[in-house]
Amino acid sequence: ETNDTITYLRALRGLMNIYVLDKEYDKAFETIKVLDRELNTISSSHLPEKLLAYREMGELHYKFRNYPEAETFFRKIAHDPNAICYSLLRPAYNTLGLIHRYHYNDLETSDEYFRKILAAPNHENSSEEHCLAWEAIAKGNLGGNLHKQGKYDEAIPLLEFARKTMAGINDYTYASGMVTLLADIYLEKKNPAQCKYYIDMGVDYIQRSYPSQRWERLYPVMAKYYTIMGNTILAAAYQDSALIYQKKAYEEYDALKLVYAEQQASRLEQQAKEEELQVERVQTAYYKHVAFYVGIILLIITGLLLYAINLYRRKRAVYRTLVKKSQEWAADHKVSVKSEERILVIAEPNEVELALMERIQKLMDEEKMYTNVHFTLNSMVEQLGVNRTYISTTLNKCTGKTFTQYINEYRIREAIDIMSDKGNQYLTIDNIAYNSGFSDRKTFHRIFKRVTGLTPAEFRNNLSGTSAAISE
């Protein structure tokens, strides 16, 4: 009422945090919508708490796994020049890295954010321990990404640095996560003695942390270790314990979402009651007017429905055209190496490179190595006996594509062939992804959409002769 914007925004932020503490998440998210809109009208220089509010809003969305919404808020922090002054730049980079790891499965972008933590300047008031901790967090997360890619020898020094550093400052929770990854790596490297060393260290770290957590990550590694060692009783016990902790984590998250859903339902029910009372009051005095307006609304709805039906038919026609073009594209399994069709080419390929390209295409077309989810550039190196750099250069010169782009196009062609076969109509999207060579559904979905312009489900639903819609 007095146009005191600063106090108004601080009050909104206070309300949001009260709702979160009281677990009134429905009200908290409604307040976030208003606060986000209002914060856009003022800079962080005029309202120092602006970036703190963005962090709190982003963390609540992250807690509910609303990752795209959380990403929006942390990007705002990362792009604000004042973030470094409030020691918020590194936390923002870290969360963005985790979002791209867990939600998008984009480890390349995830690595970029973790490296930005290492490159970020230190605030003049930051302690040496604070800066060292963030270096350890960044290197630990980079090591975690390398672990996911199977690059164990590169991951070990980063994970070990993070473990020693965080244990040195008594952050045993983070250190235990590093130990679990190291134990798993040595298990994969068939070094059970070193694995057991890190398992024992992990047990000690978790017991020192407060509250004790991360058992759900260590127990599966312990189960695998005892399986290899032939102790089936302990292996089964630790596997059961892992399942119990995983179930507990799922139940806690489900309970959180249930509270939010119940709050939404309660609010909507209250709104419905208020609207019902209002309608009853209005109907008494303005019944004829209401009837008139209802008639107009019905006419509008009818028009909109007709428009929607027409739009749907047009959209389906466009989709079917895309399906047909994708099938025609997939039918040509040979990747052309004609110079006039190459776009992103560094230089003309020589005769040796053209011969190598023929071997590569033969490997793809006749043996279909790309359908193996574990097929990598190193796998092709082993098959052809040619170093990876020369293979990558040949692919680039002959096709204008990287190895990953080249292999993924073959996999998308394979997926199109599978879905176009009526005998495969009962296969799930996950089955199709795996049979085409993709290791996970999200990557398959993203690349299929990029290549064809349709999602896998849209493609199947618009095949000629499709009798029923197939859900993603």
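# Close-up views of a predicted model

View 1. F292 has 52% relative accessibility, so F292 counts as exposed (exposed means over 50%, buried under 20%, partly exposed in between, with a 1.4 Å probe and protein chains only). This is a predicted model, in which local features need pLDDT of at least 70, side-chain atom pairs count only at pLDDT 80 or more, and totals for chains, interfaces and linings use all residues. Residues are numbered from 1 along each chain as its sequence is written, and side-chain values use heavy atoms, with hydrogens and water left out. Across the whole structure, a search finds 20 aromatic pairs (rings of Phe, Tyr and Trp, the latter by its six-membered ring, with centres within 6.5 Å; planes under 30 degrees apart are stacked, over 60 edge-to-face, the rest tilted). One of them joins F292 to Y293 in an edge-to-face arrangement. The centres of F292 and Y293 are 5.5 Å apart, and the planes make an angle of 65°.

**View 2. The tilted pair of Y370 and Y410.** The ring centres of Y370 and Y410 lie 5.1 Å apart with 35° between the planes, so the pair is tilted. The pair links distant parts of the chain, 40 residues apart. Y370 belongs to the loop between α13 and α14 (377-384), while Y410 belongs to helix α16 (helices, H or I of at least four residues, and strands, E of at least two, are DSSP runs numbered from the N terminus). Buried or exposed, how does Y370 count? Y370 counts as buried because its relative accessibility is 1%. Y410 is buried too, at 0% relative accessibility.

**View 3. Helix α13 against helix α16.** Helix α13 spans residues 351-367 and helix α16 spans residues 403-420. Their axes come within 12 Å and cross at roughly 35° (axes are lines fitted to C-alpha atoms over the stretch in contact, with angles from 0 to 180 degrees between N-to-C directions). The crossing is right-handed (the near helix is turned clockwise from the far one by less than a right angle). On the α13 side, the contact is made by M357, I360, Q361, M364 and D365 (contact means heavy atoms within 4.5 Å). On the α16 side, Y406, I407 and Y410 take part. The contact residues divide into six nonpolar, one polar and one charged.

**View 4. An aromatic cluster and two charges over rings.** Which residues do ring pairs link into a cluster? They are W215, Y219, Y225, Y226, Y238 and Y245. Elsewhere, the charged end of K139 sits over the ring of F161, 4.3 Å from the ring centre (NZ of Lys or CZ of Arg within 6 Å of the centre and within 35 degrees of the ring normal). R411 places its charged end over the ring of F438, at 5.9 Å from the centre of that ring.

View 5. N105 is a residue other than glycine, yet its phi is positive, near 55°. N105 sits in the loop between α5 (89-102) and α6 (107-119). At 27% relative accessibility, N105 is partly exposed. K190 is not a glycine either, and its phi is positive at about 60°. The loop between α9 (172-188) and α10 holds K190. K190 is exposed because its relative accessible area is 72%.

View 6. Q194 lies in helix α10 (residues 192-208) and is partly exposed at 26% relative accessibility. N396 is part of helix α15 (residues 388-399). N396 counts as buried, with 18% relative accessibility. R460 is found in helix α19 (residues 456-461). R460 is buried, with a relative accessible area of 2%. The C-alpha atoms of R460 and Q425 are separated by 8.3 Å, and these residues are 35 apart along the chain.

**View 7. The protein as a whole.** The secondary structure comprises 19 helices and zero strands. The C-alpha trace spans about 85 × 65 × 50 Å along its principal axes. Of the 472 residues in the protein, 40% are buried. Among contacts with a separation of 6 or more, 62% are between residues 24 or more positions apart.

Technical notes:
Nonpolar A, V, L, I, M, F, W, Y, C, P; charged D, E, K, R; others polar.
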